[in-house]
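Welcome! Please take a moment to look over the sequence and turn the 3D view around before you read on.

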Amino acid sequence: MTEQATRQAAVLEARRVTKRFPGVLALNEVSFGLRAGEVHALVGENGAGKSTLIKVLTGAEKPTEGQVFFKEQEVSFGSPRQSQEAGISTIYQEVNLIPLRSVAQNVFLGRELRNRFGLLDVRRMNREAAGILERYGIRVDVTAPLRSLGLGTQQMVAVARAVSLDAQVVIMDEPTSSLEAGEVETLFRVIRQLREESVGVVYVSHRLAEIYEICDRVTVMRDGELVQTSEVADISRLQLISAMLGRDLTEAERGTTSFGEDHDVEGEPVLEALDLTRLHLLDDVSLSVRPGEVVGLAGLLGAGRSETARAIFGAQPLDSGTVKVDGKKIKTGSPSAAIKAGIAFLPEDRKAEGVIPNLSVRENIVSAALPSLSRAGIVSEKAQDKVVQEFMERLGIKASSPEQKVGELSGGNQQKVLLARWLCLNPKVLILDEPTRGIDVGAKAEVQHLIDELAEEGLGVIMISSELEEVVEGSDRVIVLRDGAVAGELSGEGLTENEVIGMIAEERSADRPGDSP
């Protein structure tokens, strides 16, 4: 179909939309079109620009450049409420309804029905809400408080509310993240009904099986740019994953990162994670790390990489599972127990969960080690100076002085400060979640070299990276995760980018690129 024909058929469209935030180009000339009566998947890894594009389409953000069209008319929504009133409903991953109000009151939230005296017509709302929910196969007591329902049912109420607004476009952001299998089928039945009613659906999801089951077309975004738009039937899973990760289907040459060769690894595991399970997040995930070994975790967004890391560190509650350090069980769900056992963790979002920007380099580095640097509750400044100087020199932290605020440093130096904070505790295991994200090329090379050095010194390392070449070249073994479970393990000559992509896609690298999903 030509671009002009696509535009004529589009009920909602972005044309060459660019969105800039201070210091960040979030969208770069992105074009996207949703046809009436189609289910259009929007996919991409963290930072791809999906959320920003949705915000622009729904009026939560104004585009810096470009145009938005709804029903072939250029629009400039001032708020999500305006877009909703025009006929665009959005269902977010987190249920944004009122738990203490009844199901019926939530269905009619913001458009309550009133009688001729101006009072709430509760009976009518209950009756009509029951009819709306019944229409989509959702059977609940509409007079019950929303919070009394399970999370999955609450999500279905949010779906019913959105589609009951006579919307011509429904945007669903990870709608199945909290749904059980039966509830997913109910959701798909609703989506198919919307398609029959010529409602356009934007479906944001990281679950490939769902995309291939329910979607007509798929748009791939990466680093704020449009990669491609395809008919779902015309693109294999292998091709789709390759587009999301920015890798072609040929073997990539080793040597694009600053990692060295594989490490000499021997001895018993320093860390064992056994059968880690959490509803909707992790399904019997097991892995081990030996001293001096770098174990990579690979997979798409939502595969369970960060959840596994956080569970090992105790920051993610578990339904079941065991974590051992040096063969001894430690208390799960307790970061303090993990730290005491010798586990260190650099989170993915260093600004929100890592550095304390208004404190100095010195204060950030020694914050975790204060108990060991104090006597009778008094912290030795001399001991602090020694630790800070040692790690600033060792890691090459560039700052005007130890008293400079961490928030004033570059991203790479902030990452090094976080590493220093943990290394001064002499950990046995270091968990790194996206250690080089958001830092420049030079700093990235330094961090990669440092990871090699730490492994050579006998530290066990778990590394998560969305950059496929980084996790392949930097790891001795790679555990591939898919939908919260271990899909397989790769090492030695079998550890290649193609094999990782194939394992994520459930296809072997020898398959032809054009094979069907």
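How many helices and strands does the protein have? The protein has 18 helices and 22 strands, where helices (H or I, at least four residues) and strands (E, at least two) are DSSP runs numbered from the N terminus. Keep in mind that this is a predicted model, in which local features need pLDDT of at least 70 and side-chain atom pairs count only at pLDDT 80 or more, while totals for chains, interfaces and linings use all residues. Residues are numbered from 1 along each chain as its sequence is written, and side-chain values use heavy atoms, with hydrogens and water left out.

**Overall shape**

- The C-alpha atoms of the protein fill a box of roughly 75 × 55 × 45 Å, taken along the principal axes.
- Of the 517 residues, 53% are buried; buried means under 20% relative accessible area, exposed over 50%, and partly exposed in between (1.4 Å probe, protein chains only).
- Among contacts (heavy atoms within 4.5 Å) with a separation of 6 or more, 67% are between residues 24 or more positions apart.

- Strand E1 (residues 10–21) and strand E2 (residues 24–35) run antiparallel and are joined by eight bridges; Val17 has Val30 in E2 as its bridge partner.
- The hairpin of E1 and E2 has two residues between the strands, and Gly23 in this hairpin takes a positive phi near 80 degrees.
- E1 is also joined to strand E4 (residues 65–70) by five bridges, again antiparallel, and Glu13 stands opposite Phe69 in E4.
- Arg16 lies in strand E1 and has a positive phi near 50 degrees, although this residue is not glycine.

**A covered helix**

- Helix H15 (residues 411–423) has 13 residues and reaches 18 Å from its first C-alpha to its last, close to the expected 18 Å; the expected span is 1.5 Å times one less than the number of residues.
- H15 is mostly covered, with 13 of its 13 residues buried.

**Two glutamates in loops**

- Is Glu45 buried or exposed? Glu45 counts as buried because its relative accessibility is 8%.
- Glu45 sits in the loop between strand E3 (39–43) and helix H2 (50–57), and its side chain reaches the backbone nitrogen of Leu301 at 2.7 Å.
- Leaving out residues up to four places away in sequence, Glu45 touches several residues, including Lys50, Met244, Arg305 and Ser466.
- Glu174 is found in the loop between strand E7 (169–173) and helix H7 (181–196), and has a positive phi of about 50 degrees although it is not a glycine.
- Glu174 counts as buried because its relative accessibility is 9%.

Note on methods:
A polar contact is a pair of N or O atoms within 3.5 Å; within protein, one must be able to donate a hydrogen and the other to accept it, and residues adjacent in sequence count only if both atoms are side-chain atoms. Two strands pair if DSSP finds at least two bridges between them.
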